[in-house]
Amino acid sequence: MRNFLMGLLTTGLLALNVSATWAAQADPIIGYWRTIDDTTGFAKAVVQIQNTENGKYSATIVNTLARPDYTPAKYCHQCPSPFTDREIIGLPVLWNLRSSEKSGNNSEKMYTDGYIIDPLSGKIYQSEARVSNDGRRLTLRGHIIGMPLMGQGRTQTWLREANYTPRSK
């Protein structure tokens, strides 16, 4: 009986591990990402992307990254309501992103119909994203709302933070 219970427990744990692995593969965008500034090329923050209750994806800043001659902003001063004067850490910067049926170059996983805010300028962009096949790079393309073909946009590549551990408060 004891061997049977141990076998059942082991089978259950293996099934749980397989389910977790499948879920990670099904949602390659979920996790922690290091944002890279498209102007300077420096890392500025770590964000966490999560699946929301409506099946879409959102990202929140969980940490800002200082470097010599750069002190991260503490508040989102130039942001429109409801983001005005909110602390940068904890600020939702990406929302409403949804998985797309289309695939990108080399069958990369695509996401569309999202919005992204630049916490320093306060500008909000419509966004699309794609995760590289190896899951290590997230490329986001933002364009001014209502003008996707006018060339008025920005592209950033974020890097996966595979070993990131959130700071306790």
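A: In this predicted model, Asn 63 touches Ala 45, Val 46, Ile 89, Tyr 164 and Arg 167, when residues up to four places away in sequence are left out. Asn 63 belongs to strand S3. Its relative accessibility is 11%, and Asn 63 therefore counts as buried, the cut-off being under 20%.

Strand S3 (57-64) also takes part in the lining of the largest pocket, to which it supplies at least two residues. The largest pocket holds about 490 Å³. Its lining consists of 27 residues, and the closest to the centre are Thr 35, Ile 117, Asp 118, Pro 119 and Gln 156. By residue class, the lining comprises 16 nonpolar, six polar and five charged residues.

Asp 118, one of the residues closest to the pocket centre, also has a charged partner. Side chains of opposite charge can pair when their charged atoms come close. The side chain of Asp 118 forms a salt bridge with that of Arg 154, at 2.6 Å from N to O. Asp 118 sits in the loop between S5 and strand S6 (124-131), whereas Arg 154 sits in strand S8, so this pair ties together parts that are 36 residues apart in sequence.

The whole structure contains seven salt bridges. Among them is the pair of Lys 44 and Asp 37, whose closest N and O atoms are 3.1 Å apart. Both Lys 44 and Asp 37 are buried. Another salt bridge joins Arg 137 to Asp 134, with the closest N and O atoms 3.5 Å apart. Here Arg 137 counts as partly exposed at 37% relative accessibility, and Asp 134 is likewise partly exposed, with a relative accessible area of 43%. Through shared partners, salt bridges also link Asp 38, Asp 118 and Arg 154 into one network.

Arg 137 has a further neighbour in Ser 132. Ser 132 touches both Glu 108 and Arg 137, residues up to four places away in sequence not being counted. Ser 132 is located in the loop between S6 and S7, and it counts as buried because its relative accessibility is 7%. A polar atom of the Ser 132 side chain lies 3.3 Å from the backbone nitrogen of Arg 136.

Finally, strand S1 contains Trp 33. With a relative accessibility of 0%, Trp 33 counts as buried. Its side chain reaches the backbone oxygen of Ile 29 at 2.9 Å. Trp 33 and Arg 160 are 127 residues apart in sequence, yet their C-alpha atoms are 4.4 Å apart in space.

Definitions and conventions. Residues are numbered from 1 along each chain as its sequence is written. This is a predicted model: local features need pLDDT of at least 70, side-chain atom pairs count only at pLDDT 80 or more; totals for chains, interfaces and linings use all residues. Side-chain values use heavy atoms; hydrogens and water are left out. On a 1 Å grid over the protein atoms alone, a cavity is a set of points where a 1.4 Å probe fits but cannot get out, and a pocket is an open set with protein on both sides within 12 Å along at least five of seven lines; lining residues have an atom within 4 Å of a point. Grid points are joined across faces, edges and corners, and a volume is the space filled by probe spheres set on the points. Helices (H or I, at least four residues) and strands (E, at least two) are DSSP runs, numbered from the N terminus. Ala, Val, Leu, Ile, Met, Phe, Trp, Tyr, Cys and Pro count as nonpolar, Asp, Glu, Lys and Arg as charged, and the others, Gly among them, as polar. Buried means under 20% relative accessible area, exposed over 50%, partly exposed in between (1.4 Å probe, protein chains only). Contact means heavy atoms within 4.5 Å. A salt bridge is a side-chain nitrogen of Lys or Arg within 4 Å of a carboxyl oxygen of Asp or Glu. A polar contact is a pair of N or O atoms within 3.5 Å; within protein, one must be able to donate a hydrogen and the other to accept it, and residues adjacent in sequence count only if both atoms are side-chain atoms.
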